[in-house]
Amino acid sequence: MTHQSAPELSFGGGLPDLRDQVILVTGGTGSFGRAMTQRLLSDFQPRKVIVFSRDEQKHFQMQQDMPDPRLRFFVGDVRDRQRLMRAFEGVDVVLHAAAMKHVPLAEYNPLEAIRTNIDGAVNVIDAALERNVKRVVALSTDKAVNPVNLYGATKLCMEKLFIAANSYRGSHATSFAVVRYGNVVGSKGSVVPLFAKQRLEGRLTLTDPQMTRFWITMRQAVDLVVLALTVGTGGEVFVPKIPAADLASLAQAMGPGCEHKVLGVRPGEKIHEALITADEAPQVLDCGRYFVIEPSFPWWGGVQLPGHHVAADFTYTSANAPDRLPVVELRKTLVELGFLPDDVGNSAPGVA
Ligand SMILES: NC(=O)c1ccc[n+]([C@@H]2O[C@H](COP(=O)([O-])OP(=O)(O)OC[C@H]3O[C@@H](n4cnc5c(N)ncnc54)[C@H](OP(=O)(O)O)[C@@H]3O)[C@@H](O)[C@H]2O)c1
């Protein structure tokens, strides 16, 4: 098994045995990829971790930041099936994180988003089957649920492709599962780094103070993937139970005393996000610290986990999430994660 000293996982579920395994992370140079790679190397004794993405500069930087003889840097594009075939040779586990993820950019460049997020998913599935990869976990988002923008729509397609891939794996032993979660606190291009910059000027721009979002840390996102690797058998969508926060509270936490300018909701944005809709409820199992959405295919043998089915009208949205973070909690987390100085509650706007 793995190190005894590993901290408790956010969603329980124990630890997967990844010792001596070869693990490939598509999008390995991104925010999730780097955090996951670091975790794999420190807690799971893999034989190799292969980082797969396009930009050589990011590879070079990661090599400098994480010198480790078990790391391999594979420059490649998920749109390139042949390249994936080469990269997946001898790989046991694939974590598929590569994506175009910026909503406005996907709106403006729809075909590019489709090529990376949908065609790329098809290629990852095909190469994983051809190369007899044992387990594949793909990363999805709350924006895939009843999508209103192209990014969400492409991630919905990606989810469907990965779950359906379990239907045609034939003689291959490959299993495919998905994790679906909300905004990672402080991820690039998100509101937290924006407010962190704006608070120094004493003025925050808000789309809508009533807007709510799920709130997950990178550590928890990594834990969710670890959970999927531990308990997933193939076909599940894992959804974490996580808190939510409204934008007004976040603004209060990050810039007390700052002026607020309300800009209005942007095209392709929702006021509230959903992680589970009522349409999915009949397939949803409550497993304590997380939900599992079971596939509705005849091959599905059922979840071998303690849990119970949710009510027929169940929904899980950032507006009705039982855990709504108050200002003080938001501030505490942001200080812990380094997005705020610890005296922010006392300092005047404009003072770091
Ligand atoms: N961040 C969030 O709040 C959030 C929330 C829920 C779900 N997710 C999902 O989590 C995953 C990881 O997100 P992240 O925040 O880590 O994103 P990120 O920091 O933007 O990283 C994306 C990674 O994908 C790579 N990539 C992009 N296009 C590629 C392609 N065509 N071929 C190969 N690699 C490619 C990028 O490197 P190159 O550009 O150099 O190739 C980079 O390594 C995504 O699937 C995203 O949809 C993110």
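Predicted model: local features only at pLDDT ≥ 70, side-chain atom pairs only at ≥ 80, totals over all residues.
Confidence comes first. The mean pLDDT of the protein chain is 94. Of its residues, 96% reach 70 or more. Among the helices and strands, look at the two ends of the scale. Helix α4, residues 103–108, has the lowest confidence, at a mean of 94. Strand β1, residues 22–26, has the highest, at 99. Then there is one stretch to treat separately. Over residues 348–352, pLDDT stays under 50. The model has eleven contacts for that stretch beyond four places in sequence.

Now the ligand. How many residues surround it? The count is 29. The closest are G27, G30, R54, D55 and A99. By type, the shell divides into nine nonpolar, twelve polar and eight charged residues. Three elements each supply at least two shell residues: α1 (31–43), α5 (110–130) and β5 (135–141). The largest share is three residues, and it comes from α1.

So let me stay with α1. This helix has 13 residues. From first C-alpha to last it reaches 18 Å, close to the 18 Å expected at 1.5 Å a residue. Its buried residues are F32, G33, R34, M36, T37 and L40. What covers them? The cover includes β1, β2 (48–53), α2 (56–65), β4, β5 and α8. Just after α1 comes Q45, with a positive phi of about 50°.

Next, the core. In soluble globular proteins, nonpolar side chains tend to be buried together. Here the largest nonpolar core has 94 residues. Within this core, V94, V225 and F238 touch the most other members. Helix α8, residues 218–231, gives this core its largest share, nine residues. Apart from this core lies another, of five residues, including A106, A113, L150 and Y151.

Back to F238 for a moment. Which residues does F238 contact, leaving aside neighbours within four places in sequence? They are A177, V179, L224, L227, A228, Y290 and V292.

On to α6, residues 150–165. Helix α6 has 16 residues. It reaches 22 Å from first C-alpha to last, close to the 22 Å expected at 1.5 Å a residue. Its buried residues are L150, Y151, G152, T154, K155, M158, E159, F162, I163 and A165. Those buried residues pack against α4, α5, β5, β6 (175–181) and β9 (237–240).

Then α9, residues 247–254. Why call this helix largely enclosed by the rest of the structure? Because six of its eight residues are buried. Those are L247, L250, A251, Q252, A253 and M254. Their cover includes α7 (191–198), β7 (203–206), β10 (244–246), β11 (259–262) and α10 (327–336).

D20 has a phi near 70°. D20 lies in the segment before β1. Is D20 buried or exposed? It counts as exposed, because it has 11 C-beta neighbours inside 10 Å.

N146 has a positive phi of about 45°. Its place is in the loop between β5 and α6. N146 has 14 other C-beta atoms within 10 Å, so it is partly exposed.

G90 sits in the loop between α3 (81–87) and β4 (93–96). With 13 C-beta neighbours inside 10 Å, G90 counts as partly exposed. What is the spacing between G90 and R131? In sequence, 41 residues; in space, 7.2 Å, C-alpha to C-alpha.

E112 is in helix α5. E112 also counts as partly exposed, with 13 C-beta neighbours inside 10 Å. Along the chain, E112 and S318 are 206 residues apart. Their C-alpha atoms are separated by 29 Å.

To recap. The ligand shell takes its largest share from α1. Helix α9 is largely enclosed by the rest of the structure. And residues 348–352 stay under 50 in pLDDT.

Technical notes:
Residues numbered from 1 in each chain as written. Near = placed C-beta within 6 Å. Helix = DSSP H or I, 4+ residues; strand = E, 2+ residues; numbered from the N terminus. Nonpolar A, V, L, I, M, F, W, Y, C, P; charged D, E, K, R; others polar. Core = buried A, V, L, I, M, F, W, Y, C linked by C-beta atoms within 7 Å. Buried ≥ 20, exposed ≤ 12 C-beta atoms within 10 Å, placed from the backbone. Contact = placed C-beta atoms within 7 Å. pLDDT = per-residue confidence, 0-100. Expected span 1.5 Å × (residues − 1).
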